[in-house]
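Me: I would like to learn how to read a few local features of a protein model, taking them one at a time. Could we work through the structure below together?

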Amino acid sequence: AEALSQAGREITSSLDMSEVPGRILDQLAAVVPYERCSIWLQEGKTLTAIARRGFPKDEGEMSQSIRPGDVYEQVVAQCQPVLISDVTQTTAWHQAENLPINKSWMGVPLVSKDRVIGMVSLTRREANAFYPADATIASAFAVQAAVALENASLYQQVMSFSGQLEHWVEQRTDELNRAYQVLERLDKTKSDFINVAAH
(Lines give C-alpha, C1' and ligand atoms only; values in the text may rest on other atoms or scores of the structure.)
Protein backbone atom coordinates (compact mmCIF):
# COMPACT_ATOMS: atom_id res chain seq x y z
CA ALA A 1 0.00 0.00 0.00
CA GLU A 2 2.84 2.35 0.84
CA ALA A 3 4.60 1.57 -2.45
CA LEU A 4 1.36 2.16 -4.39
CA SER A 5 0.80 5.45 -2.61
CA GLN A 6 4.36 6.59 -3.36
CA ALA A 7 4.04 5.48 -6.98
CA GLY A 8 0.77 7.38 -7.33
CA ARG A 9 2.33 10.58 -6.03
CA GLU A 10 5.25 10.20 -8.39
CA ILE A 11 3.21 9.64 -11.57
CA THR A 12 0.75 12.44 -10.84
CA SER A 13 3.48 14.98 -10.04
CA SER A 14 3.92 15.85 -13.71
CA LEU A 15 1.53 17.02 -16.43
CA ASP A 16 4.07 16.63 -19.23
CA MET A 17 2.78 13.98 -21.65
CA SER A 18 6.34 13.28 -22.76
CA GLU A 19 7.29 12.32 -19.17
CA VAL A 20 4.19 10.70 -17.64
CA PRO A 21 4.17 7.34 -19.52
CA GLY A 22 7.83 6.70 -18.68
CA ARG A 23 7.22 7.55 -15.04
CA ILE A 24 4.32 5.11 -14.97
CA LEU A 25 6.51 2.24 -16.18
CA ASP A 26 9.32 3.14 -13.78
CA GLN A 27 6.98 3.22 -10.79
CA LEU A 28 5.11 0.07 -11.86
CA ALA A 29 8.37 -1.89 -11.75
CA ALA A 30 8.61 -1.10 -8.03
CA VAL A 31 5.23 -2.67 -7.22
CA VAL A 32 4.92 -5.38 -9.91
CA PRO A 33 8.33 -6.44 -11.28
CA TYR A 34 8.41 -7.38 -14.99
CA GLU A 35 10.78 -8.39 -17.79
CA ARG A 36 9.08 -6.23 -20.43
CA CYS A 37 6.32 -3.69 -20.10
CA SER A 38 4.55 -1.25 -22.39
CA ILE A 39 1.66 1.20 -22.31
CA TRP A 40 -0.74 0.96 -25.24
CA LEU A 41 -3.40 3.53 -26.11
CA GLN A 42 -6.26 2.87 -28.50
CA GLU A 43 -6.98 5.15 -31.45
CA GLY A 44 -9.80 3.75 -33.55
CA LYS A 45 -8.88 0.18 -34.47
CA THR A 46 -5.18 0.65 -33.72
CA LEU A 47 -3.08 0.30 -30.56
CA THR A 48 0.03 2.46 -30.23
CA ALA A 49 2.74 1.96 -27.61
CA ILE A 50 3.48 5.31 -25.97
CA ALA A 51 6.14 3.95 -23.58
CA ARG A 52 8.02 0.68 -23.09
CA ARG A 53 10.73 -0.95 -20.99
CA GLY A 54 12.78 -4.06 -21.71
CA PHE A 55 12.59 -3.72 -25.50
CA PRO A 56 15.53 -3.30 -27.92
CA LYS A 57 16.88 0.26 -27.96
CA ASP A 58 16.56 0.62 -31.75
CA GLU A 59 12.93 -0.46 -31.75
CA GLY A 60 10.94 2.12 -33.74
CA GLU A 61 7.37 3.20 -33.10
CA MET A 62 5.21 0.25 -32.14
CA SER A 63 1.61 0.00 -33.27
CA GLN A 64 -0.69 -2.84 -34.19
CA SER A 65 -4.20 -3.39 -35.44
CA ILE A 66 -6.77 -4.70 -32.99
CA ARG A 67 -7.76 -8.16 -34.18
CA PRO A 68 -10.97 -10.01 -33.25
CA GLY A 69 -10.41 -12.17 -30.20
CA ASP A 70 -6.90 -10.89 -29.43
CA VAL A 71 -5.66 -10.23 -25.91
CA TYR A 72 -6.60 -6.55 -26.01
CA GLU A 73 -10.21 -7.36 -26.91
CA GLN A 74 -10.28 -9.72 -23.92
CA VAL A 75 -9.01 -6.93 -21.65
CA VAL A 76 -11.69 -4.54 -23.00
CA ALA A 77 -14.47 -7.13 -22.70
CA GLN A 78 -13.60 -8.06 -19.12
CA CYS A 79 -12.52 -4.55 -18.06
CA GLN A 80 -10.13 -6.17 -15.60
CA PRO A 81 -6.66 -7.72 -15.77
CA VAL A 82 -6.20 -10.71 -18.06
CA LEU A 83 -3.50 -13.26 -17.20
CA ILE A 84 -2.09 -15.73 -19.70
CA SER A 85 0.10 -18.39 -18.12
CA ASP A 86 1.80 -19.39 -21.41
CA VAL A 87 1.41 -17.24 -24.53
CA THR A 88 2.69 -20.07 -26.74
CA GLN A 89 -0.49 -22.02 -25.93
CA THR A 90 -3.03 -19.43 -27.14
CA THR A 91 -4.03 -18.02 -30.54
CA ALA A 92 -5.01 -14.70 -28.94
CA TRP A 93 -1.34 -13.77 -28.56
CA HIS A 94 0.68 -12.16 -31.36
CA GLN A 95 4.43 -12.63 -30.85
CA ALA A 96 6.74 -10.00 -32.33
CA GLU A 97 9.41 -11.74 -34.42
CA ASN A 98 12.32 -9.66 -33.12
CA LEU A 99 11.60 -10.31 -29.43
CA PRO A 100 12.47 -13.34 -27.30
CA ILE A 101 9.42 -15.15 -25.97
CA ASN A 102 8.38 -14.28 -22.45
CA LYS A 103 5.74 -16.88 -21.67
CA SER A 104 3.74 -15.15 -18.93
CA TRP A 105 1.64 -12.12 -19.87
CA MET A 106 -0.68 -9.78 -18.02
CA GLY A 107 -2.80 -7.09 -19.61
CA VAL A 108 -4.26 -4.42 -17.34
CA PRO A 109 -6.95 -2.05 -18.64
CA LEU A 110 -6.53 1.71 -18.49
CA VAL A 111 -10.02 3.04 -17.78
CA SER A 112 -11.06 6.67 -18.16
CA LYS A 113 -14.66 7.82 -17.70
CA ASP A 114 -15.95 4.23 -17.69
CA ARG A 115 -14.22 3.48 -20.99
CA VAL A 116 -11.11 1.40 -21.69
CA ILE A 117 -8.64 3.72 -23.44
CA GLY A 118 -5.74 1.29 -23.56
CA MET A 119 -3.79 -1.17 -21.47
CA VAL A 120 -0.56 -1.85 -19.65
CA SER A 121 1.12 -4.99 -21.00
CA LEU A 122 3.56 -6.87 -18.73
CA THR A 123 5.56 -10.04 -19.38
CA ARG A 124 7.76 -12.39 -17.39
CA ARG A 125 10.08 -14.98 -18.87
CA GLU A 126 8.77 -18.19 -17.24
CA ALA A 127 5.29 -19.68 -17.62
CA ASN A 128 2.76 -19.19 -14.77
CA ALA A 129 4.82 -16.30 -13.38
CA PHE A 130 1.95 -13.87 -12.67
CA TYR A 131 -0.41 -14.40 -9.76
CA PRO A 132 -3.85 -12.98 -8.83
CA ALA A 133 -2.12 -10.75 -6.25
CA ASP A 134 -0.02 -9.22 -9.06
CA ALA A 135 -3.21 -8.50 -10.99
CA THR A 136 -4.82 -6.82 -7.95
CA ILE A 137 -1.82 -4.54 -7.38
CA ALA A 138 -1.42 -3.76 -11.10
CA SER A 139 -5.12 -2.95 -11.37
CA ALA A 140 -4.95 -0.50 -8.45
CA PHE A 141 -1.87 1.07 -10.03
CA ALA A 142 -3.57 1.30 -13.45
CA VAL A 143 -6.37 3.41 -11.96
CA GLN A 144 -3.80 6.03 -10.93
CA ALA A 145 -1.95 5.66 -14.24
CA ALA A 146 -5.12 6.31 -16.27
CA VAL A 147 -5.82 9.46 -14.21
CA ALA A 148 -2.24 10.67 -14.75
CA LEU A 149 -2.47 10.05 -18.51
CA GLU A 150 -5.86 11.75 -18.72
CA ASN A 151 -4.62 14.79 -16.79
CA ALA A 152 -1.51 15.06 -18.96
CA SER A 153 -3.62 14.74 -22.11
CA LEU A 154 -6.06 17.42 -20.95
CA TYR A 155 -3.18 19.72 -19.98
CA GLN A 156 -1.63 19.20 -23.42
CA GLN A 157 -4.96 20.11 -25.06
CA VAL A 158 -5.31 23.23 -22.88
CA MET A 159 -1.75 24.34 -23.70
CA SER A 160 -2.35 23.69 -27.40
CA PHE A 161 -5.60 25.69 -27.28
CA SER A 162 -3.83 28.45 -25.34
CA GLY A 163 -1.14 28.58 -28.03
CA GLN A 164 -3.79 28.76 -30.77
CA LEU A 165 -5.66 31.47 -28.87
CA GLU A 166 -2.46 33.48 -28.47
CA HIS A 167 -1.79 33.12 -32.21
CA TRP A 168 -5.35 34.26 -33.03
CA VAL A 169 -4.98 37.30 -30.73
CA GLU A 170 -1.69 38.21 -32.43
CA GLN A 171 -3.34 37.89 -35.84
CA ARG A 172 -6.30 40.07 -34.81
CA THR A 173 -3.95 42.64 -33.25
CA ASP A 174 -1.94 42.82 -36.49
CA GLU A 175 -5.16 43.21 -38.49
CA LEU A 176 -6.36 46.00 -36.16
CA ASN A 177 -2.98 47.76 -36.42
CA ARG A 178 -3.12 47.59 -40.23
CA ALA A 179 -6.71 48.89 -40.20
CA TYR A 180 -5.67 51.73 -37.87
CA GLN A 181 -2.81 52.66 -40.22
CA VAL A 182 -5.24 52.72 -43.16
CA LEU A 183 -7.60 54.96 -41.17
CA GLU A 184 -4.71 57.29 -40.30
CA ARG A 185 -3.79 57.57 -44.00
CA LEU A 186 -7.44 58.22 -44.93
CA ASP A 187 -7.72 60.83 -42.20
CA LYS A 188 -4.54 62.57 -43.42
CA THR A 189 -5.80 62.44 -47.02
CA LYS A 190 -9.13 63.98 -45.87
CA SER A 191 -7.31 66.73 -43.94
CA ASP A 192 -5.08 67.47 -46.95
CA PHE A 193 -8.15 67.64 -49.21
CA ILE A 194 -9.95 70.02 -46.81
CA ASN A 195 -6.86 72.26 -46.59
CA VAL A 196 -6.53 72.37 -50.39
CA ALA A 197 -10.25 73.08 -50.80
CA ALA A 198 -10.16 75.84 -48.16
CA HIS A 199 -7.10 77.41 -49.81
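Me: Leaving aside its neighbours within four places in sequence, which residues is S63 in contact with?

Reply: Bear in mind first that this is a predicted model. Once the neighbours within four places in sequence are set aside, S63 is in contact with W40, T46, L47 and T48.

Me: Is S63 buried, partly exposed or exposed?

Reply: The relative accessible area of S63 is 44%, and as this value lies between the 20% and 50% cut-offs, S63 counts as partly exposed.

Me: How should I read a pair of aromatic rings, and how many such pairs are there here?

Reply: In general, a pair of aromatic rings is described by the distance of the centres and the angle of the planes. In this model the count comes to one aromatic pair. The ring centres of W93 and W105 are 5.7 Å apart and their planes stand at 55°, so the pair is classed as tilted, given that stacked would need an angle under 30 degrees and edge-to-face one over 60. The pair links distant parts of the chain, since W93 sits in the loop between β4 (82-84) and β5 (104-112) while W105 is in strand β5, 12 residues apart.

Me: What are the relative accessible areas of W93 and W105?

Reply: W93 has 19% and is buried, under the 20% cut-off, and W105, at 0%, counts as buried as well.

Me: Which residue lies over the face of F55?

Reply: That residue is R36, at 5.7 Å from the ring centre of F55.

Me: How does the span of helix α2 compare with what is expected?

Reply: Helix α2, residues 20-31, has 12 residues and reaches 17 Å from its first C-alpha to its last, which is close to the 16 Å expected at 1.5 Å a residue. The buried residues in α2 include V20, I24, L28 and V31.

Me: What is the volume of the largest pocket, and which residues are closest to its centre?

Reply: The largest pocket has a volume of about 380 Å³, and of the 23 residues that line this pocket, W40, M62, Q64, H94 and A96 are the closest to its centre. Strands β1 (36-43), β3 and β6 (115-124) each supply at least two residues of the lining, and β1 gives the most, with four residues.

Methods: Residues are numbered from 1 along each chain as its sequence is written. This is a predicted model: local features need pLDDT of at least 70, side-chain atom pairs count only at pLDDT 80 or more; totals for chains, interfaces and linings use all residues. Side-chain values use heavy atoms; hydrogens and water are left out. Rings of Phe, Tyr and Trp (its six-membered ring) pair if their centres lie within 6.5 Å; planes under 30 degrees apart count as stacked, over 60 as edge-to-face and the rest as tilted. Buried means under 20% relative accessible area, exposed over 50%, partly exposed in between (1.4 Å probe, protein chains only). A charge sits over a ring if NZ of Lys or CZ of Arg is within 6 Å of the ring centre and within 35 degrees of the ring normal. Contact means heavy atoms within 4.5 Å. The expected span of a helix is 1.5 Å times one less than its number of residues. On a 1 Å grid over the protein atoms alone, a cavity is a set of points where a 1.4 Å probe fits but cannot get out, and a pocket is an open set with protein on both sides within 12 Å along at least five of seven lines; lining residues have an atom within 4 Å of a point. Grid points are joined across faces, edges and corners, and a volume is the space filled by probe spheres set on the points.
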